[in-house]
Amino acid sequence: FPQPVSGIIPYSDPLSYLPQVAPAGSCANTLNATGGTAFIFPGCYTTFNETGADVTLNPGTYIINTGAAAAQLTGGSLTGTGVTLYINTGTLAINNTILNISAPVGGPFNGILFQQSSSNPSDASIIGNTNSNTQGFFYFPNNTLSLNGTFGTLYAGFVAKSLTVTGNLSYNNYASFPNVISPINAAVLVE
C-alpha cells in the first residue's frame with residue numbers, strides 16, 4: 001500500500017448546493033409492507049419498511065423521517081423513475097432489495113437518488129441485488145456509506161464522508177447514462 005500523504009488541502013463538497021429538506025407540516029405517511037405490492041406517493045414518511053414486498057414509487061421526493069429508527073428494505077423490490085430518497089433522520093438499511101429506481105432528470109434534485117441530511121449522524125448500509133437497475137447519485141455528506149455485494153446495472157456517482165465497498169461492486173459513471181446531466185462537473189477522490 002502507498003504511504004499516506006499529509007498536508008493535502010481538503011476538497012470542498014461538490015454537492016453542498018443541494019437543498020436540505022425539512023418536513024413541511026405533518027409527517028404522517030408510513031410504509032410498512034410485508035409481501036404483496038404497494039404504491040406510494042412523494043411526501044414525508046415516519047416509517048419506511050419493506051420486507052419481501054414490491055413497492056412502486058411515484059416520481060418525486062420521499063422524505064424519510066424515522067427518528068432513531070431505521071428505514072429498512074429487505075428483499076422484494078423498489079421501483080420508480082424520477083425519485084429522490086431523502087434521509088432526514090434515522091438509518092438507511094437496504095438488504096438484497098431489487099432497486100429498479102432512477103433519479104430525477106432536472107429540478108432541484110437533478111441526478112440525486114439518495115441524499116442524507118448533513119445533520120443526520122447515522123451511517124447507511126446497502127447490500128446489493130444482481131437484478132437491480134439503478135441510476136443516480138448517492139450523497140451522504142457527513143456519513144459512512146457501506147456498499148456490499150453485486151448491484152446489477154448501476155450508473156452512479158458517490159459523494160460521502162466515507163465509502164466502504166466490499167464484494168463485487170461494478171458501476172458506470174452516472175454521467176455516461178443517456179439523456180442525463182451529472183449534478184457535479186468534476187470528480188475527485190480524497191482520502
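**S118 and its contacts**

I started with S118 and looked up what it touches. Leaving aside neighbours within four places in sequence, S118 is in contact with Q20, P141 and N142, where contact means heavy atoms within 4.5 Å. The model is predicted: local features need pLDDT of at least 70, side-chain atom pairs count only at pLDDT 80 or more, and totals for chains, interfaces and linings use all residues. I number residues from 1 along each chain as its sequence is written, and side-chain values use heavy atoms, with hydrogens and water left out.

S118 is found in the loop between strand 9 (112-116) and strand 10 (124-127). I take strands (E, at least two residues) and helices (H or I, at least four residues) as DSSP runs, numbered from the N terminus. S118 has 34% relative accessibility and counts as partly exposed. My cut-offs are under 20% relative accessible area for buried, over 50% for exposed, and partly exposed in between, with a 1.4 Å probe and protein chains only. I also looked up the separation of S118 and S162: their C-alpha atoms are 13 Å apart, and the two residues are 44 residues apart along the chain.

**Overall form**

I counted zero helices and 13 strands in the protein. Along the sequence the pattern is β-β-β-β-β-β-β-β-β-β-β-β-β. The radius of gyration is 16 Å, close to the 16 Å that the globule rule gives for 191 residues, so the protein is as compact as a globular protein of that length. That radius is taken over C-alpha atoms, and the globule rule is 2.2 Å times the number of residues to the power 0.38. Along the principal axes, the C-alpha atoms fill a box of roughly 50 × 35 × 35 Å.

I noted that buried residues make up 43% of the 191 residues. The protein exposes about 9500 Å², of which carbon and sulfur atoms supply 54%; accessible areas come from the Shrake-Rupley method with a 1.4 Å probe, and for residues only the protein chains shown count as cover. Of the contacts between residues at least 6 apart in sequence, 37% join residues at least 24 apart.

**Disulfide**

I found one disulfide in the structure, a disulfide being a pair of cysteine sulfur atoms within 2.5 Å. It joins C27 to C44, with an S to S distance of 1.9 Å. C27 lies in the segment before strand 1 (29-34) and C44 in strand 3 (residues 43-51), so the pair ties together parts that are 17 residues apart in sequence. The torsion about the S-S bond of C27 and C44 is about -80 degrees, so this disulfide is left-handed. Both C27 and C44 are buried.

**Nonpolar core**

I then looked at the largest nonpolar core, which has 49 residues; F48, V55, L57, F114 and F138 touch the most other members. Such a core is a set of buried Ala, Val, Leu, Ile, Met, Phe, Trp, Tyr and Cys residues joined through side-chain atoms within 4.5 Å.

**Aromatic rings**

A search of the whole structure gave me seven aromatic pairs. Rings of Phe, Tyr and Trp (its six-membered ring) pair if their centres lie within 6.5 Å; planes under 30 degrees apart count as stacked, over 60 as edge-to-face and the rest as tilted. Y45 and F48 form an edge-to-face pair, 5.6 Å centre to centre with 85 degrees between the planes. Y45 is buried at 4% relative accessibility, and F48 is buried with a relative accessible area of 1%.

The rings of Y45 and Y62 have centres 6.0 Å apart and planes at 35 degrees, so I list that pair as tilted. Y45 lies in strand 3 and Y62 in strand 5 (residues 60-74), so the pair ties together parts that are 17 residues apart in sequence. Y62 is buried, as is Y45. I also noted one aromatic cluster formed by F114, F138, F158 and Y171.

**Positive phi**

Most residues other than glycine have a negative phi. I looked up N96, whose phi is positive, near 60 degrees. N96 sits in the loop between strand 7 (83-95) and strand 8 (98-102) and is partly exposed, with a relative accessible area of 39%. N179 is not a glycine either, and its phi is positive at about 65 degrees. N179 is found in the segment after strand 13 (172-173) and counts as exposed at 73% relative accessibility.
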